[in-house]
Amino acid sequence: MAATRTTPLLRRARPSPWTVLAWCGAALYPAALNLVVGYGAPGLTRIEIVPAAALTLVVASLLRRHPLPAITVLLVAWGAACLVANTVAIALLEMLTTDLAVGYVAVHHPRRTSLTTAAMAFCTQVATIGLFPGTDVASRGVLILVALVAAWTVGNSARERREHARELSERATAQAVTAERLRIARELHDMVAHSIGIIAIQAGVGSRVIDTQPGEARNALDAIEATSREALSGLRRMLGALRRADEPGTAPLDPAPGLADLDRLVAATADAGVRVDLRWRGERRPLPPDIDLSAFRIIQEALTNVVRHAGTSDCEVRVGYLDDELSVEIVDDGIGVADPGAGYGLVGMRERAGLLKGDLTAGPRPGGGFRVAARLPLEAR
């Protein structure tokens, strides 16, 4: 039986050539920095600043991915440099370099890591200052602590602001996705529920009269054909929008329905056996697309409920164009809905009105029947 060779599912990523080179420089950094500082004692000269800064930047580049080992190298190198030079200038450079490193770590790493690097830097700086003869360690320690706290606070605040901005962006993205999902669900429900309801009723009528009244059966089949074509057109429009229909080579979308299509909706409802008395109030004028579509969908869903649940042959639709709002009202004298909260129709209508800063009321009428009324404000648009 031949032996099989297994490979691990997860392989450790190989370090990049730059990372290997940087760690080689970090390994030589303490000795190189001591040579530079010792050659320029009692302080650095202009020529020696260049290699010292270059070596420091090489080690600082490792702080992003390896903060604790990199800060250890910096602290060891500068602590030894202070011992070699034994000057205040080198001690101040040590404070500046390590404090900047602590601030950088606080910007890019969690609080626990940055606090650890800050504690390491504080202990190293205090120990270095204590080696200078005649130094007031207490007063210098307070100065070191203040500088470190300031550097860490600035870096930590920058990290918190960045994380807060990222959380807000992710939350806004999630809300936008949810809103779009609900919008698509409302559109599909309003469009499909109305069309399928009409088709079901017409199919039932046709099946009952096909033997005795062939003409009426033919009319029912014509209504089914027209309604199914309308539903198919709406589905094609929505699916085209989801597929980014504005891309080259894609057919243009049909316009979204609005109040101008109410006559067609009234005719389709009449074919389903419910006569609609459509009344207009106020001066009809162009509306914003979202209000126009939402008003049409609210009326469509309300008429679908009348056809399916009211058990009546008449209803009334009133559309009012006011100065600051559009009002829509659908009333019938049928038996009403047994459970107004069942299904998603009324929920979708309320969501449409709420998204437009309007309101919608729905419920049984005192004298019998059912009433749906919506107010969609126009003043802010």
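Colleague: What should I know before I start?

Modeller: The model is predicted: local features need pLDDT of at least 70, side-chain atom pairs count only at pLDDT 80 or more, and totals for chains, interfaces and linings use all residues. Residues are numbered from 1 along each chain as its sequence is written, and side-chain values use heavy atoms, with hydrogens and water left out.

Colleague: How many salt bridges does a search of the whole structure find?

Modeller: A salt bridge puts a side-chain nitrogen of Lys or Arg within 4 Å of a carboxyl oxygen of Asp or Glu. The search finds 11. One of them joins E163 and R159, at 3.0 Å from N to O. Both residues lie in helix 6 (residues 137-209), 4 residues apart, about one turn of the helix. Helices are DSSP runs of H or I with at least four residues, strands are E runs of at least two, and both are numbered from the N terminus.

Colleague: Is R159 buried or exposed?

Modeller: Buried means under 20% relative accessible area, exposed means over 50%, and partly exposed is in between (1.4 Å probe, protein chains only). R159 is buried, at 7%. E163 is partly exposed, at 26%.

Colleague: Which parts does the pair R318 and E329 tie together?

Modeller: Their side chains meet in a salt bridge of 3.1 Å, N to O. R318 sits in strand 2 (residues 314-321) and E329 in strand 3 (residues 325-332), so the bridge ties together parts 11 residues apart in sequence. E329 is buried at 18%, while R318 is partly exposed at 34%. Both also belong to a salt-bridge network with D277, R279, E316 and R371.

Colleague: At what angle do helix 9 and helix 10 pack?

Modeller: Axes are lines fitted to C-alpha atoms, for helices over the stretch in contact; angles between N-to-C directions run from 0 to 180 degrees. Under 35 degrees counts as roughly parallel, over 145 as roughly antiparallel, 65 to 115 as roughly perpendicular, and the rest as oblique. Helix 9 (residues 289-310) and helix 10 (residues 345-355) pack at about 160°, with axes 10 Å apart. That makes helix 9 roughly antiparallel to helix 10.

Colleague: Where is K357 found?

Modeller: K357 is in the loop between helix 10 and strand 4 (359-364). Its phi is positive, about 65°, although K357 is not a glycine. K357 is exposed, with a relative accessible area of 73%.
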